[in-house]
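Take a look at it first, and then let's walk through a few computed features together.

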Amino acid sequence: MLEIKDLHKQFGEQKILKGINLHVEQGERHAIIGPNGAGKSTLFNVITGKYAPTHGKVIYKGHDISGMHPHRITRRGLGRSFQIINVFGDMTVYQNIRSGVLARNGVFFNFTSYLDGMKAIEEESRRIIESISLSDQMDTPASEMAYGAQRALEIGLSLTTNPDLLLLDEPGAGTSKSETKHTVELIRKVTQNKTLIIVEHDMDVVFALADRISVLYYGEIILTDVPQKIKENKKVKEIYLGEATCE
Amino acid sequence: MMGLNIKHIVGFVILCLALIALPWMVGEFELRLISQIACFSLFVLSFTILYGHAGLLSFGQAAYFGVGAYVCALAFKYVAGMPFLAAILLGAIAAGIAAWLIGMFCVKLTGAYFSLLTVAFSQFLFAIAFKWRSVTGGDDGLVVSKNPITLPFGGSIDTMNTTSMYYLILLIVVLCYLACLWLTKTPFWNMVRCCKENDERASFVGYNTYMTKVLAFTIAGFFGGVGGALFAINESFVSTDVIDMNRSFVCLMMAFIGGANSIIGSVIGAAIYTVLTDMISKYTPYWELILGCLFIIIILFFRDGFVSLLPKARALMSKWKTATGKEN
């Protein structure tokens, strides 16, 4: 599904990614963990086209997508969420989701249709809103919602494009324990039959969701393995997890 | 459909009837002034579309108003028997093309850099109008020698007649406003709105934000061009005044006075500015100072312009009605 080959990213003299190699199978739930500054978000940004790689390739479904513009990558079936909530703040939940649904249906430079009269788009939008449990806040502007609800909308917006591969950047960031539990359930529910790559600091979320985990350390992947093996790995314990978390 | 109710339709019909009856109610000078307001409304609309809807603050909208005016005037000058409406369309299309070309560079930038580049291109077009005297007449300007409009079933409309011109300008301006209002209800405009709200997120739901903004820029330029062409026809004269920086800033002032986020605000802004200029300049040569003060007050206290006062006025009216109803 996704193949990353010798990926480098450099900003000026600073090398952020130093030759990442990663293979993600179809249907897999893959987590990327690592300490702050390891390059996790940069890796996401390079995969999804926000930054062009300095060197190396990102192959998605057999096509080289490295350096492609984000909208073209998104249209190929790759969706993402952001670490810091990144929705259309002044739009309502419905308008947010509808915008994504319009894009997924290829409704772009349409000057003749009446937006509020597009029934199929409306139905699809309502279905997605229901799946992220925000039906009761359909007409609430996104910026006026509680943090947890905004997180759900962030995930919902990533789903509107019906991606085959979903990249979630710290979906549990800033949420309480109970909200995190809800977020894990939500991710599990909405990513059925999808491939998932998740960056997360909260180990409960990572071990609850991931089939395999890659450990990123200062721009390099030092280990990729199943959660149990990662837990038991000494080097991982030293650099990231800490003994207390693993016991 | 389109959120319209019977109140809106009745209101629109009454407004149209009032505008049709206007030539019987005011003198020729006032009628010419109202035609001018209509032309400026489209000019301001071109700013409002960009700033209020697409989030792009252009300081150089006079470029497209000017291109529309000059191309229309030149079409009458150089093409024998130039059809009247074709000259207006030519001006608008030329302005749209200019906006497309300039927009391709400008929308790559954001914030202050975007605004400054719009100024640079506007000044570039001003320099052409100013220096290319053999074609544009430089600061001496060009007389617009309009041909009469030949009707398909015989007869013609006198284009030198103020009333005929008023009706023609009114018709075109109303059609442009209806087209613009329709545009804001389409999926394309949703993309424009998404780009304004959150450019990055718009890209990540699959929108080509660059092309969306270029197109919004082009559409704004087109409407500005229609306004310019109509202005040239109304004044029967075009000079570098239509394309200079002052014109761009007057447009900006009109937009903020009316309400820079509102389509209807563009008409209100153009009307208030034009009428005040006419009224105050009769009494004092320092009229610009007074308008400047008004602009400062609006920016400080009514950022959404006069259009934002309408709902407040409506609420006051209904309060007053309720109060008088209780008394009775």
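In chain B, B:Phe40, B:Phe43, B:Val44, B:Phe47, B:Thr48 and B:Tyr51 of H2(B) meet B:Cys251, B:Leu252, B:Met254, B:Ala255 and B:Gly258 of H11(B); a contact needs C-beta atoms, placed from the backbone, within 7 Å. Helices are DSSP runs (H or I, at least four residues) and strands likewise (E, at least two), numbered from the N terminus. As this is a predicted model, local features need pLDDT of at least 70 and side-chain atom pairs count only at pLDDT 80 or more, while totals for chains, interfaces and linings use all residues. Residues are numbered from 1 along each chain as its sequence is written, and chains are lettered from A and ligands numbered from 1 in the order in which they are written.

**The helix pair in chain B**

**Chain A**
- Chain A has 10 helices and 10 strands.
- Its C-alpha trace spans about 60 × 40 × 35 Å along the principal axes of chain A.
- Among contacts in chain A with a separation of 6 or more, 67% join residues 24 or more positions apart.

**Where chain A touches chain B**
- Chain A brings 30 residues to the contact, and chain B brings 20 residues.
- H3(A) gives the largest share of chain A's side, 5 residues.
- That side of chain A divides into 13 nonpolar, 12 polar and 5 charged residues.

Methods:
Two residues are in contact if their C-beta atoms, placed from the backbone, lie within 7 Å. Ala, Val, Leu, Ile, Met, Phe, Trp, Tyr, Cys and Pro count as nonpolar, Asp, Glu, Lys and Arg as charged, and the others, Gly among them, as polar.
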